[in-house]
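Here are my notes for you, with the model open alongside.

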2 protein chains.
Amino acid sequence: MRLSLNQITTKRWSLPEAVQGCVDAGIPAIGLWRDKVADTGLAEAAKLVRDAGLAVSTLCRGGFLTPTDPEGRRAALAENLRALEEAAELGTDTLVMVVGGLPDGSRDLADTRERIADKLGELAPHAGDFGVRMAIEPLHPMFCADRAVVSTLGQALDLAERFPADQVGVVVDSYHLWWDPQLATQIARAGAAGRIASYQVCDWTLPLPADTLLGRGHVGDGHIDFHALTAMVTEAGYTGWIEVEIFNEKIWNTPGEQTLQTVIERHLAHIELRETR
Amino acid sequence: MRLSLNQITTKRWSLPEAVQGCVDAGIPAIGLWRDKVADTGLAEAAKLVRDAGLAVSTLCRGGFLTPTDPEGRRAALAENLRALEEAAELGTDTLVMVVGGLPDGSRDLADTRERIADKLGELAPHAGDFGVRMAIEPLHPMFCADRAVVSTLGQALDLAERFPADQVGVVVDSYHLWWDPQLATQIARAGAAGRIASYQVCDWTLPLPADTLLGRGHVGDGHIDFHALTAMVTEAGYTGWIEVEIFNEKIWNTPGEQTLQTVIERHLAHIELRETR
């Protein structure tokens with residue numbers, strides 16, 4: 001099974017609880033979050049996942065590269081260097097990057113996007129040194145102003161391709177990208193260039209909640225065609241982990257064991273079975 | 001002044017009130033909605049705007065072309081033929097088209113998009129006969145599932161260009177398109193092909209409200225660079241009306257006269273002044 005649990009899906013669980021949950025449920029990999037890692041302690045977290053025999057599919061997350069003031073820029077650089085180091089220590093080769101939205105008071109998308117490219121350029125050699133690839137995650141366009149001015153896979157690839165493929169890749173996240181009329185073309189392009197660093201899944205469900213960050217559903221509960229999407233990613237040559245990442249208050253309030261069972265059922269019903277036909 | 005009031009901006013006003021409001025405020029054009037036209041009666045509405053000396057920039061709206069059952073398909077066709085006829089009667093050359101989301105139970109974006117092309121093909125000759133252009137409005141990707149599977153200007157142009165330019169055009173709406181990294185390229189393409197049928201404006205403000213349809217703000221209140229966007233549209237050769245279309249409960253609850261004053265102030269501060277420099 002290529003299923004990985006992104007630990008935000010079981011947000012109420014600590015890292016040790018999530019690790020144990022994966023072991024108990026037979027999920028072979030986990031995507032970690034830096035705040036949860038910090039709660040446990042980096043060395044202890046690394047030991048826990050290693051001893052449990054879990055692969056670490058990704059570390060979430062670096063990014064937020066758009067500050068304009070010198071202090072903010074220095075802080076962003078330092079924070080991302082720490083994130084790269086943590087990723088290496090945790091034994092994952094992938095650091096998910098949410099690039100950041102418009103800086104306060106700015107409406108200049110072009111300038112902001114160029115600033116991100118500059119920062120990635122500063123970080124890329126360090127990523128190479130750590131053996132960790134920065135995976136640019138295009139976010140849904142509804143997050144363009146406040147979270148990520150990179151909104152499409154094509155745009156993420158344009159950015160990634162300025163740097164070596166082992167230093168900068170892209171995330172294919174179903175929730176953010178499913179609507180894109182160029183998706184098939186851009187996934188094929190990403191695969192051919194060896195740039196797909198992560199495939200993350202959750203479903204687009206309606207209505208959107210008051211906090212639009214938290215509107216994601218279990219695979220199969222919404223409008224996304226996971227058969228078609230997974231076929232695209234597979235045909236593009238991606239053989240890595242398939243990470244379930246769900247932000248949803250109701251799912252967070254469900255017991256973790258139950259969530260993991262649903263995650264596994266949906267994975268086998270909508271993703272991996274079809275893929276291996 | 002090239003300002004037009006899309007009458008949804010003053011939703012509490014009837015059509016006669018909106019017409020009088022434009023006359024009083026010195027706004028030379030109005031974008032009408034079919035439900036408001038129906039409330040007044042088509043012939044009476046046409047006479048009112050004509051007698052008031054207002055131009056009718058658009059009629060909103062046709063579309064919702066995605067039903068799959070025979071009855072739904074027939075109804076959609078009939079409804080759009082009526083909308084084209086009403087547009088002609090009201091003296092506008094532009095019918096805004098919101099194409100529709102995924103049909104109930106479907107996750108097949110490609111099929112749904114192709115169905116829209118088929119329906120536009122059936123309608124296009126009639127649009128020609130009426131002297132009314134169908135203006136495909138790409139909606140923000142957050143409306144892809146439920147309102148419009150056409151999400152980008154490039155995609156709208158791919159669709160429009162299957163038909164004569166006087167029968168099918170596109171809408172450039174700031175709210176829906178501002179985030180698109182290909183926006184400058186696609187606006188230039190649309191202009192060169194003579195396909196820009198309407199330029200609609202309102203601002204992207206945060207946080208999004210519980211009903212994401214209603215999150216639009218006055219020009220200048222949000223994150224969109226209207227100087228840059230208007231320059232793109234102008235350089236593309238568009239010389240038509242600039243229509244302010246705001247869905248926002250708080251603005252709807254503001255007295256119409258006050259809203260029109262804000263609309264005019266913002267238009268002169270952010271759009272038309274810069275444009276004529």
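Predicted model: local features only at pLDDT ≥ 70, side-chain atom pairs only at ≥ 80, totals over all residues.

1. **Which residues do the packing?** H8 of chain A covers residues 183-192, and its buried residues are A:Leu183, A:Gln186, A:Ile187 and A:Ala190. Looking down the axis of H8(A), you'll find them within an arc of 100°, so they line one face of the helix. Have a look at A:Gly194 too: just after H8(A), this glycine takes a positive phi of about 65°.

2. **The barrel.** S6(A) and S7(A) belong to a closed barrel of eight strands in chain A, in the order S1-S2-S3-S4-S5-S6-S7-S10, with parallel pairing. From one strand to the next, the twist averages 30°. Zooming in on the pair from point 1, S6(A) and S7(A) run in the parallel sense and share four bridges. If you want a landmark, A:Val170 sits opposite A:Ile196 of S7(A).

3. **Helices on the sheet.** H1 of chain A (residues 15-25) packs on the sheet and touches S1 (3-6) and S2 (29-33) of chain A. The direction of H1(A) makes about 165° with that of S2(A). H5 of chain A (residues 109-130) also packs on the sheet, this time touching S5 (133-136) and S6 of chain A. Here the angle, between the directions of H5(A) and S5(A), is about 140°.

4. **A helix pair in chain B.** How do H1(B) and H3(B) cross, and which residues meet? The axes of H1 (residues 15-25) and H3 (residues 42-52) of chain B come within 10 Å and cross at roughly 10°. With angles under 35 degrees counted as roughly parallel, that makes H1(B) roughly parallel to H3(B). On the H1(B) side, the residues that meet H3(B) are B:Leu15, B:Pro16, B:Val19 and B:Val23. Their partners in H3(B) are B:Ala45, B:Leu48, B:Val49 and B:Ala52.

5. **The two copies.** Turn chain A by 180°, with a shift of 0.0 Å along the axis, and it can be laid on chain B with an RMSD of 0.0 Å. The two copies are thus related as by a two-fold rotation axis. To find that axis on screen, go to A:Ala210: in chain A, its C-alpha is the nearest to the axis, 2.1 Å away. As for the interface, 100% of the interface residues of chain A are interface residues in chain B as well, so the copies meet through the same surface.

Methods:
Residues numbered from 1 in each chain as written. Chains lettered and ligands numbered in written order. Least-squares fit on C-alpha atoms with pLDDT ≥ 70 in both. Contact = placed C-beta atoms within 7 Å. Buried ≥ 20, exposed ≤ 12 C-beta atoms within 10 Å, placed from the backbone. Helix = DSSP H or I, 4+ residues; strand = E, 2+ residues; numbered from the N terminus. Arc of directions from axis to C-beta. Pairing = 2+ DSSP bridges. Axes fitted to C-alpha atoms, helices over the stretch in contact; angles between N-to-C directions. Parallel < 35°, antiparallel > 145°, perpendicular 65-115°, else oblique.
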